[in-house]
Amino acid sequence: MTNENEFTGADILLKALKDQEVDTIFGYPGGAVLPIYDAIFGQNFLKHVLVRQEAGAVHAAEGYARSSGKVGVLLVTSGPGVTNVVTGLTDALMDSIPIVCISGQVPSHLIGTDAFQECDTTGITRPCTKHNYLVKDVSKLSETIHEAFKIASSGRPGPVLIDIPKDVQFAKSKYISKKDISFREHRIKAGSKTVDKNFVKELVNHIKKSERPIFYVGGGCLNSGHQASQELIKLVNKTNIPITTTLHGLGCFPGEDKSSLGMLGMHGNYEANLAMNKCDLMINVGARFDDRVTGRLDAFSPDSIKFHIDIDQSSINKNVKVNFHTNTDITLTLKEINSFIDSNNIDFDDKDYDNWWGQINEWRKKECLHYEQGDEVIKPQHAISRLYELTKQKDTFVTTEVGQHQMWAAQYYKFSKPNRWITSGGLGTMGFGMPAAVGAQMANPDSLVIDIAGEASFLMNIQEIATAVQYKLPIKIFILNNEYMGMVRQWQELLHGSRYSESYVDALPDFKKLAESFNAVGVRAKNIAELDDTINEMVSIDRPVIADIWVDKKENCFPMIPSGAAHHEMLLSKYDKENPENQEKGKVLV
Amino acid sequence: MSSTSVYPTPINAFKQSKRSVLSVIVDNEPGILARIVGLFSGRGYNIEALNVTVVDVKENLSRITIETLGEEKVISQIIAQLEKLVPVHSATNLANLSESYEAEICLVKIEFKNEEQDQKILNFADIYRSRTVQKRQNIVVYEISGTSERINKFLDDLDTIGGIKVELVRSGPIGLGI
């Protein structure tokens, strides 16, 4: 006898997604998820975006999550469906992006028999998710899904996977709604909700005492929400302290503001890295002292007192020992710092840090991002600068692939708001940007979404252009085409005697024709005279566009802290030579 | 020479290594042991000994005790990483408690040649308050419990008595804060 209060596992999943206010899901069907696809067929609240390969689904979910602040959701089948998302799950784990991946599994009685399209999904994805589940009992499905969303978005966000065997998708049970679930505190790990008053007091005292303070801001500020960014801006304006951001911190503070030193790290600004090296007070807001940022650890900011705000306890004292830390949410902590300053009438008028700003302005005179643009061949830096100038008035989201173009985008495109910059930092996943743009455009249908790409990365997930065409997503693929894996070529030039082993990409497609064959639009700029018109044309077309920008093939990305070197040992141009001792040590690093 | 690498090299990692016993309370659910073991192997930490048992049936809790080697910095990182795992309630380094008690159990099977030596081994076992749990022809199984150091000493001294150690099994240390 059927009970009207009971639903199939597939229907429970759909109910839970609705309860979680999910309106978009990226996926690819297959045998082990057919009951779920059947449930999707008969509803209208959830828009399913059919990708062309599962890797596209997971990066699209990441792009959706990063650009909207919501949890990104994807649905894949068992076996190859789920092994194809392993890279993206790892990417989301490294970059703290909240996504929930639903995967189908072979029926329970076949698990362990090497059945068709069976794999040990929870085993394979255990180290690349924040948490994962194999749901063997349909009565546990509702609470598992709600807990998964809670875990993905709480504390330091990350990917969560739910593996559902096919028989569980058919089996029936009651549905338990989100509001009827009481989460167990220890499993959610949301971080402390009370601000450490002592930390706040110490920090303000140290700011008053310091001569050379700096804010070092990372992706944690982004994940804490837009309010974190507003509190940060208030605090910087109040104190007149210079601020540098990591690759993921771009946009948390307006890039064109006078207090901004831009990005720091391996390809960061000279003034940012020198200021980190010479500061006497470092205030780390949600950054994790990544090796791309610190350079050689024993020479990292030797004379500073370090404060660290991070919701993830394991990020504290992992790479760099700090003097003061707090595990409370950034928004709450910054808010408390601001109100402590206001309520105690502390002013910083006597502390204009004149000498410090004088020193920083001297470093700025080096113009570390200077490049020489000739009359003919387009410099990649110039292509990004022009793209920025011609699109900055619009509400623009930028995704990237990985390599030189990514670093140039970070250096020459300025962001004034959080969540506008979507890139693969920790894992460095080539092929990320194209599907991420699909996700960002789904979340922001009226905005301009540009994937700044290299031709080699773009080829890694090129199939997703078909997804963009199918859903009429007018994303723009802006390819800096130098026919090389540019960053590989650069390292080979600097560290391996210019032996360009396998970094030249021969037999490239004609990207214009390729676009047309997908029913997208192709445009091309071969020289400097064609650049602005090509960008304007690209932006004006209300369809997916591939812009093939031919750039200088031999250009290298500077400034650069070579691996194994310290912040003050930056190379500013091809004329700077690296300390040979560092070069040998750097070669063995990544 | 201090390391200039951004990555700790094994030589440096073990230079100031010390033994720590970690006590971890977890939800008893499928995959929890794999999560913990995977964390150790994935991040290059050592497991010297491992013990897992359900300790609270009603609350569905297990206690996992791990003996590991590492510098203090590494041990605190291990604790922080363990506490990030969803099913983990708490992870404690017993050495950080003001007082803790540790014990291990060991079974050792000895083959002896003659009655006289057997007597010698039995007498020796008495000194250590170990107990004969099984005796069959010329085989004796001893059970000894206590700190790991005490068991190590027992086994070392056993070598001097004669008789052949056929095989042995140790539970790994378990412990509690007091």
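**Entry 1: the core.** I looked up the largest nonpolar core and found that, of its 187 residues, A:L74, A:I99 and A:V100 touch the most other members. This is a predicted model, in which local features need pLDDT of at least 70 and side-chain atom pairs count only at pLDDT 80 or more, while totals for chains, interfaces and linings use all residues. Residues are numbered from 1 along each chain as its sequence is written, and chains are lettered from A and ligands numbered from 1 in the order in which they are written.

I noted the terms. A nonpolar core is a set of buried Ala, Val, Leu, Ile, Met, Phe, Trp, Tyr and Cys residues joined through C-beta atoms within 7 Å. Buried means that 20 or more other C-beta atoms lie within 10 Å of the residue's own, with C-beta atoms placed from the backbone.

Which residues does A:L74 touch, not counting residues up to four places away in sequence? I found A:I25, A:F26, A:G27, A:A57, A:V58, A:A61, A:I99 and A:C101. Contact here means C-beta atoms, placed from the backbone, within 7 Å.

**Entry 2: the sheet in chain A.** I traced an open sheet of six strands, ordered β3-β2-β4-β5-β7-β6 in chain A, with parallel pairing. Strands (E, at least two residues) and helices (H or I, at least four) are DSSP runs numbered from the N terminus. Two strands pair if DSSP finds at least two bridges between them. The edges are β3 (47–50) and β6 (131–134) of chain A, and each pairs on one side only.

Next I checked β2 (residues 24–27) and β4 (residues 72–76) of chain A, which run parallel and are joined by two bridges. A:F26 has A:L74 in β4(A) as its bridge partner.

**Entry 3: domains of chain A.** The domain assignment, automatic or from a database, gives domain 1 (6–188), domain 2 (197–364) and domain 3 (380–550) for chain A. I looked up the centres of domain 1 and domain 3 of chain A, taken over C-alpha atoms, and they are 30 Å apart. Their contact takes 25 residues from domain 1 of chain A and 27 residues from domain 3 of chain A. On the domain 1 side, α3(A) gives the largest share, 11 residues.

**Entry 4: a hairpin in chain B.** I moved to β2 (residues 49–56) and β3 (residues 61–70) of chain B, which pair in the antiparallel sense over seven bridges. B:V54 has B:S62 in β3(B) as its bridge partner. Four residues lie between the strands of this hairpin, and B:N60 takes a positive phi near 60 degrees.

Conventions:
A residue is buried if 20 or more other C-beta atoms lie within 10 Å of its own, exposed if 12 or fewer, and partly exposed in between; C-beta atoms are placed from the backbone. Two residues are in contact if their C-beta atoms, placed from the backbone, lie within 7 Å.
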